[in-house]
Structure formats: C-alpha cells, structure tokens
Amino acid sequence: MVYYVTGTLICAVVMYYVLKLQQFQLRIPYVYNGDGLSTGLVIKGMVDNGWINVNEYVGAPSRLEMYDYPLGGDNLHYLMMKFISLFSSDYAVVMNLYFLLTFPLVMISSMFVFKHFKIPFIPSLMGSLLFTFIPYHIIRTGHLFLVAYYFVPLIIMIILWLSIHDDLILKKEETTRKIKLNIFNRKSLFSICVCILISAAGVYYAFFSCFFLIVIGTFTSMFKKKLLPFLVSCILVTVIAGGLILNISPSLYNKYANGGNGEVASRNALESETYGLKIIQLILPVTYHRVSWLAEKKESYNNKAQFVNENDSSSLGIIGAFGFLASLFIFLFRKNSIKNTIGQNLGLMNISAVLLGTIGGFGTIVAVLLTAQIRSYNRISLFIAFFSIFIIMIFLKKINENYVTNTLRRVSFSICVILIAVFGLYDQTRDSLVPSEIIKKEFNSDRDFVKQIESQLPAESMVFQLPYVTFPEGETLQNMGNYDLAKGYIHSSSLRWSFGGMRNREGDLWQRALIQRPVNEVLEKLSIVGFKGIYIDRNGYSQEFANKVEKEIHSILKVDPLVSSDKRLVYYSLEEYSNSILGKYSKDELALKKGEALNITKKKSAYLNGKLDWQYVDSMPDYKSVQIVAFEGLPTNQYQIKLTKPNKKPLQFNDSFSAPDNYSYRHWENPKHLVISISNKDSGWSDSFIPQKEDISKYFDLHPYLLEYTHMEQLPAGTLTLRE
C-alpha cells in the first residue's frame with residue numbers, strides 16, 4: 001500500500017507543475033472546443049437523462065438517439081463518470097475530475113505491472129511517471145476516453161503472461177496429454193476480468209489488445225512448438241470481442257430494427273493512411289518543445305510533411321525513443337540462445353505495432369479488406385510507448401541486480417534514475433492546455449448569454465439554432481467549429497435545443513429541409529411547431545450573409561435581439577411573433593398546420609423499369625454499371641435516396657462502384673445521371689457480354705427497382721434562405 005500511495009503522491013506533485021493545477025478551475029472545462037464539446041454534450045446528456053443513448057434536450061423538436069454512433073465501447077468510462085455525477089451535476093466538474101483521475105489511475109496500473117515483474121521501486125516510479133505523462137496524455141485533451149488508458153498496462157501484462165506461463169486459462173495434463181480449462185486460479189481470473197473491462201474501455205484499445213494477443217500467441221506457439229498459447233490467445237480475444245459486442249448491442253439492435261445510417265461514422269479505407277502511424281513522429285520531440293531549437297525542428301517538419309494530424313501526439317520523448325530503438329535491436333540482432341525473454345517479446349510487439357500502424361501497413365490492408373471503422377492506427381503509439389519504457393525498466397533492473405551491490409552504489413543508482421526521470425518529464429511534457437484567460441472569458445460569456453435566454457423562457461422551451469450543422473462529425477462553417485452549437489445546451493439547465501439530432505434521421509432531415517425554405521416561411525413553421533426563439537452563432541456565416549439573415553429576421557419579428565458580451569451570439573425571441581401567427585387559427589386548424597410544418601420533407605417513389613431510357617456504362621468482373629438520366633428533384637444528399645431490389649435488398653451508395661448493387665446520383669454531370677451496378681448473377685450476363693439498351697430494359701422489366709427519395713422543391717432565384 002505504501003508503494004502505491006507514494007507513487008500517487010509523486011504523480012500529484014508532477015500533475016501540479018505540468019498541468020498548472022493552481023490555475024485549474026473545476027467548473028470551467030479543461031477543453032472547450034472541438035471534440036471536447038462533443039464529449040461535454042454526451043456527459044451532460046448522461047447526467048440529465050440517466051444514460052448516454054437518448055437525450056431529450058437536443059435535436060428539437062425531436063431528440064437525440066445515439067444508437068447510430070455507438071458509444072457502448074466506452075461504457076466503463078461512462079460508468080465512472082456516472083458515479084462522479086452522483087456528487088455533482090455540473091458536466092464540467094464531472095469531465096474535469098475524470099480527466100484528472102486518469103493520471104493517478106495510469107500511474108497505479110503501471111506501477112502494479114512493473115512491481116509484478118520485479119522492477120525496483122525507484123525505476124518503477126520513473127517508468128510509471130514517464131508513461132503517465134507521455135505527450136499522448138497531455139496533447140489529446142479533446143479525446144477524454146483515449147487519455148483514460150489505465151487498462152493498457154494491465155492487458156500488456158496479460159500478453160506477457162501468455163508468453164511465459166503454460167497454465168494460463170488452459171493447461172495440458174501430463175498424464176493424459178489432454179487440454180483442459182484452468183480458469184479457477186488468480187492469473188486466469190484476473191486475465192478474463194481485464195479482458196472484459198478493456199472491451200468497455202475503448203474500441204481502439206480493445207482492437208489493439210486482440211492484435212497483440214494473436215501475435216504473441218502465434219509466436220509463442222511457434223517457439224514452444226505447442227498449440228496451447230495460440231488457443232489461449234484466441235480465448236482471450238473471444239472474451240474481448242464478446243464483451244465489445246455486448247456493449248454495443250443496443251446499436252446493433254437499432255441497426256437491425258431501423259436500418260443502417262450510412263451518413264454516420266462513414267469511414268474510407270484510405271483514411272487509415274491519413275491517420276496512420278509515422279515512425280519519425282515517434283522519434284521527433286513533442287510539438288512546442290521547451291527547448292526552442294527542438295521546437296523549431298518539429299514545427300519545420302509539421303509544416304512541410306504530409307499527413308500531420310492527430311498522429312502528432314505519437315512522440316515518445318527521448319527516453320521512450322531510446323527504449324523503442326533498443327527493443328528493435330534486441331529482437332532483430334541480439335543472439336540469445338533463449339528467444340522467448342520478456343525483452344524479446346517487447347521487441348516483437350513493437351515491430352508488430354509498427355507493421356500494423358504505419359502508413360500503408362497491415363492496418364491499411366485491414367481497412368481495405370475487412371473494415372475501415374478502425375482508421376486511426378497512430379493510436380497504437382500508446383502501446384509502443386509502454387513497450388519502450390518497459391525495455392528501459394528491464395535494462396535498469398539488470399544494472400541494479402549486477403552492479404548495485406552496496407549502499408553507496410544504491411544511492412548513486414537511485415539519484416541517476418531520478419535525474420533521468422526528471423529529464424524525461426522535462427523533455428516529453430509541455431505547457432498544459434489548462435483553460436487560458438481567453439477560454440475562461442469565452443466560457444463565461446457563453447454561460448451568461450444562455451442564462452439570459454433561459455431567464456426569459458419557461459422550462460422545456462425549444463430554441464432553434466443557426467447555422468444548421470449535422471451531428472455528429474458535422475461540418476466546420478466559416479470560423480465556427482462543428483460542435484460549437486453544443487454550447488447552448490451545455491450551459492442550459494431547462495431548455496431544449498435544435499442542434500444535436502442524429503444526422504440523416506427524422507429530426508435532422510426536417511431541419512435540413514427547413515433551412516432551405518424562405519426565411520419568412522421558416523419563422524412561421526418554427527412558431528407553429530412551438531419554438532420560442534432563434535439562436536445564431538455569427539461565426540458560422542460570412543459577415544455579409546450574417547448581416548442579411550439578421551436584417552431579414554429583424555424585419556419580420558420586429559424585436560431587438562439579445563447579444564452576447566463578445567458579440568458572437570445573438571438570440572431573437574419568437575414569442576410575440578408566434579402569438580400573432582397562432583392567433584389566426586382555431587385549435588383544429590393549428591393541429592393540422594403543425595402536422596404540415598413537421599412534414600415538409602415530401603417523400604416520393606417510383607419504379608425503375610424497362611420503359612426508361614437505360615444506357616450501358618461499364619463492365620467489371622461479376623457486374624456491370626448502367627445509367628438513366630436522373631429524375632428532377634432528386635436530393636444531392638445521396639443518403640436521402642433509397643434504392644431497393646425486388647428481393648427487398650437495398651443498394652449501397654458508392655460512387656466508385658467497387659461492387660455490385662451500388663448506386664450513385666451524379667448530380668454534378670450534365671445531364672445528371674442515376675448510375676446502378678448490376679450483378680452478373682442477377683442478370684445472367686457473362687463478363688464479356690456488353691448489354692444493349694433492349695437487354696437492360698428486359699432486365700428491369702423482370703426486376704423493377706423501387707426508388708424512394710426526399711423531393712426538394714426548387715425556389716425562385718434570389719430567395720433568401722438560412723443556408724449560405
């Protein structure tokens with residue numbers, strides 16, 4: 001216990017200096033932009049609604065249902081924060097406390113692993129501190145759950161156990177030579193528990209853990225010439241995969257019940273290269289290094305190199321980089337008679353990590369052939385960091401065992417290790433992203449502005465937000481971030497906000513269609529539906545367009561707006577205008593008008609049969625592409641088009657037509673075309689056959705496809721809408 005208390009206290013001291021805790025304010029979020037706002041929205045939604053899947057306060061007039069964007073892979077983190085929220089309902093306090101808590105948790109789990117492998121106390125403290133304060137932890141402030149990596153050291157310990165022990169999970173009886181389960185022992189039960197927990201501690205960490213389990217299981221089986229290690233690795237991978245499936249089961253059921261949502265979390269295989277690992281970024285110093293010439297070198301590289309993005313947080317620091325290179329040397333060049341040492345296995349895993357994560361590596365193969373949902377392979381740098389620091393720990397352990405033989409040497413050794421730790425921390429940390437005065441000023445301005453709005457409206461009132469932005473992973477407009485509109489909800493305690501509806505679902509499609517109508521029509525429909533005001537972030541429009549929109553709204557509503565202290569946000573009350581609109585109708589007429597206002601997206605359908613003017617486009621092995629001149633009024637958003645074969649199988653949007661049963665509305669062509677790929681198995685055509693118009697018409701007479709789409713009515717030229 002003294003061992004861990006000491007480590008935690010030292011961690012707290014380092015946190016005080018690195019994170020500048022004297023400036024830290026619990027009620028101001030440590031990050032107030034980008035993904036930090038998205039995380040804040042989900043955390044506040046959990047506090048307000050009980051859990052993360054449904055939020056009644058965003059996406060008005062509907063609500064947010066997160067099933068299309070699975071969050072279950074992070075259930076462990078949400079459970080931790082749910083516990084914290086029992087003591088405070090302030091989302092910022094909950095988020096900040098959990099962020100701060102990740103540091104001692106990583107410290108303790110690292111010390112636990114090093115102690116298990118008999119690393120001396122002082123080196124163990126050094127290694128744990130270096131891993132706790134790696135650049136990955138300091139830089140990735142927006143990705144709260146990625147910096148909560150305290151289960152990574154534990155899963156690495158289990159991976160190493162797999163290479164060492166012959167009785168983990170399974171064992172072979174010496175007399176009968178039969179393989180039997182061996183789970184009722186401390187190591188096996190601990191391994192299963194950690195695998196279950198990591199399945200709820202982040203999809204990426206679960207995926208990488210499975211990868212390393214398979215790698216070490218395969219190589220250990222080859223080395224020992226036994227199948228047992230590989231079988232054990234498969235069992236542990238199954239536990240992780242099963243736990244992950246269970247965690248995201250609500251999303252899987254939603255997909256089965258309501259169909260997939262191709263517009264959400266849509267990934268491209270090539271993104272695995274964009275967000276891949278770069279070896280040079282492991283070796284180069286942290287961006288904005290404390291030493292000016294190192295900072296300049298890194299900045300020069302970042303400005304000139306391609307694919308510099310979140311992978312900029314991959315830096316290992318000088319100590320970690322030395323351990324990384326040493327691990328490669330040990331695995332590749334050291335000629336030991338025994339090849340299954342911990343050092344050899346750490347080197348193996350580092351090489352495997354690089355092969356998987358590097359740009360154009362095996363991760364890209366996985367993305368192309370299996371799934372592109374795992375795309376940010378640079379995040380494997382976290383595992384590389386622990387492997388590399390562990391190598392340094394083994395090196396120091398050997399020095400301690402072989403050369404530290406008296407008190408003087410013990411003191412000298414400890415001082416040297418402490419100095420190395422201080423040097424490493426100085427090298428790999430930088431000025432923390434604690435809220436600056438600018439962020440505090442913006443946060444307070446936004447909070448005061450929303451409280452002003454809230455003071456004017458009854459509870460549960462709806463506020464419509466502009467400009468329209470999809471959620472999640474929406475677009476950045478002008479100088480407005482894709483999650484900036486979440487600030488309205490984040491600062492509110494009783495209002496409902498339009499931003500935050502799941503993209504490409506009913507509420508989002510309604511907003512998308514509404515903002516393409518004339519401004520006067522929008523205001524009338526908002527009033528009829530029940531909205532009480534309009535919130536505008538001026539940073540989301542060009543200044544000229546913002547002026548036009550506000551002038552038009554002001555001329556219709558005839559009320560002066562509330563304006564935030566920083567002049568960025570404005571709010572127009574709809575109450576007086578609504579009273580004048582609603583007073584025109586009886587109760588029955590109003591109900592009818594509300595139904596019409598909520599159904600502005602006109603659904604149309606047609607059958608694609610042989611009477612249409614079909615044209616041959618191209619042939620590929622196993623399928624062919626054909627096209628027609630597109631119908632008028634098809635939406636440019638491909639996901640608002642649905643094509644279904646007679647057997648009820650839906651076609652997938654894919655303009656590259658890499659498979660049969662793909663479609664694309666090529667609205668950029670003149671004339672516009674609707675292109676479809678047809679399987680040779682369905683058509684009966686051979687690969688060499690070039691179908692003529694009559695052949696294609698005959699196919700569609702026998703197999704008419706159902707086309708369903710949202711009809712977009714064309715407005716007169718010059719009509720002012722709310723979309724720039």
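Start by selecting helix α15 (residues 317–333) and helix α19 (residues 407–428), whose axes come within 6 Å and cross at roughly 105 degrees. The two are therefore roughly perpendicular to each other; that label covers 65 to 115 degrees, while under 35 is roughly parallel, over 145 roughly antiparallel and the rest oblique. Axes here are lines fitted to C-alpha atoms, for helices over the stretch in contact, with angles running from 0 to 180 degrees between N-to-C directions. Helices are DSSP runs of H or I with at least four residues, strands are E runs of at least two, and both are numbered from the N terminus.

A quick word on what's loaded: this is a predicted model, where local features need pLDDT of at least 70, side-chain atom pairs count only at pLDDT 80 or more, and totals for chains, interfaces and linings use all residues. Residues are numbered from 1 along each chain as its sequence is written, and side-chain values use heavy atoms, with hydrogens and water left out.

Now show side chains at that crossing. G317, I318 and I319 of α15 meet I420, F423, G424, D427 and Q428 of α19, contact meaning heavy atoms within 4.5 Å. By class, this contact has four nonpolar, three polar and one charged residues. Nonpolar means Ala, Val, Leu, Ile, Met, Phe, Trp, Tyr, Cys and Pro; charged means Asp, Glu, Lys and Arg; the others, Gly among them, are polar.

Next, pick α7 (residues 152–164) and α16 (residues 342–357). Their axes come within 11 Å and cross at roughly 125 degrees, so α7 and α16 are oblique to each other. On the α7 side, select I159, L160, S163 and I164; on the α16 side, I342, N345, L346 and M349. That contact has six nonpolar, two polar and no charged residues.

Zoom out and colour by domain: domain 1 (1–30 + 67–428), domain 2 (438–599) and domain 3 (602–711), with bounds from an automatic or database domain assignment. The centres of domain 1 and domain 2, taken over C-alpha atoms, are 43 Å apart. At their interface, 18 residues of domain 1 are in contact with 11 residues of domain 2.

Last stop, the backbone. Most residues other than glycine have a negative phi, and most peptide bonds are trans. Go to P61, in the loop between β1 (54–55) and β2 (64–65): the peptide bond from A60 is cis, with omega near 10 degrees. The bond from N670 to P671 is cis too, with omega near 5 degrees. Finish at K118, whose phi is positive, near 60 degrees.
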